[in-house]
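Take a look at the protein shown here. The report below starts with one residue and then widens the view.

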Amino acid sequence: FPSHDRSNGNVAVSNVFKKTGEDELRHSDLLVDLLNRRGISTIETQPPSYYWEEMDKVITSLETCAAVLHLGEVLAADRFTVIIEHDRTPRDVFDFVAQALPDEYYHGVVFAKISTPEAIDLVRKTHDRVLTDMLGQ
């Protein structure tokens, strides 16, 4: 999707996006397998998301795109850390998180390097506003 290419022709940045996509696809496959083993089916298509529609609006440059991805990866790493540190996390869930957590942490770090503090601040404020909207506060 050339119209979605935010790498500005930078091969290293393009490779970060590609590698992250590959990692996320692997995580998705692992999670689907885990859910299927537990007898839980997955939905292949999702309804439109107010959250992502609003977050997409802030993506106007490579830096804001990286900031959105940075925030998503940091939030995922935070959630995964809570799960992995919980003493009653089921073994299969623990194993999945143990495989995905290092990638999520790394993705957060690398996207922060591609972004800027200003873009990350803008994205964080947008995230907070959207969550407030969604919670009706």
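Val74 is partly exposed: its relative accessible area is 25%. That value counts as partly exposed because buried means under 20% and exposed means over 50%. This is a predicted model. Val74 sits in helix H3.

Now compare sequence and space. Val74 and Tyr106 are separated by 32 residues in sequence. Their C-alpha atoms are 9.2 Å apart in space.

## The whole protein

The protein has five helices and zero strands. Along the sequence, the pattern reads α-α-α-α-α. The C-alpha atoms fill a box of roughly 40 × 40 × 30 Å, taken along the principal axes.

How much of the protein is buried? Of its 137 residues, 31% count as buried. The accessible surface comes to about 9100 Å². Carbon and sulfur atoms account for 58% of that surface. Take the contacts between residues at least 6 apart in sequence: 79% of them join residues at least 24 apart.

The side chains also carry charges. There are 14 positive and 23 negative side chains. The centres of these two sets lie 2 Å apart.

## Helix H1

Helix H1 covers residues 11–37, which makes 27 residues. What span should it have? At 1.5 Å a residue, H1 should span 39 Å.

Look at the two ends. At the start of H1, a side-chain oxygen of Asn10 comes to within 2.9 Å of the backbone nitrogen of Ala12. After H1 comes Gly39, with a positive phi near 80°.

Several residues of H1 are buried: Val13, Ser14, Val16, Thr20, Asp23, His27 and Leu34. What covers them? The cover includes helix H3 (62–85) and helix H4 (91–114).

## Glu54 in helix H2

Glu54 belongs to helix H2, residues 50–57. Is Glu54 buried or exposed? Its relative accessible area is 11%, so Glu54 is buried. The cut-off for buried is under 20%.

Which residues does Glu54 touch? Leave aside its neighbours within four places in sequence, and Glu54 is in contact with Thr126, Arg129 and Val130. The side chain of Glu54 makes a polar contact of 3.3 Å with the side chain of Arg129. Another polar contact, of 2.8 Å, joins the side chains of Glu54 and Lys57.

Notes
Residues are numbered from 1 along each chain as its sequence is written. This is a predicted model: local features need pLDDT of at least 70, side-chain atom pairs count only at pLDDT 80 or more; totals for chains, interfaces and linings use all residues. Side-chain values use heavy atoms; hydrogens and water are left out. Helices (H or I, at least four residues) and strands (E, at least two) are DSSP runs, numbered from the N terminus. The expected span of a helix is 1.5 Å times one less than its number of residues. Buried means under 20% relative accessible area, exposed over 50%, partly exposed in between (1.4 Å probe, protein chains only). Contact means heavy atoms within 4.5 Å. A polar contact is a pair of N or O atoms within 3.5 Å; within protein, one must be able to donate a hydrogen and the other to accept it, and residues adjacent in sequence count only if both atoms are side-chain atoms. Accessible areas come from the Shrake-Rupley method with a 1.4 Å probe; for residues, only the protein chains shown count as cover. Lys and Arg count as positive and Asp and Glu as negative; His and the chain ends are not counted. The place of a charge is taken as NZ of Lys, CZ of Arg, CG of Asp or CD of Glu.
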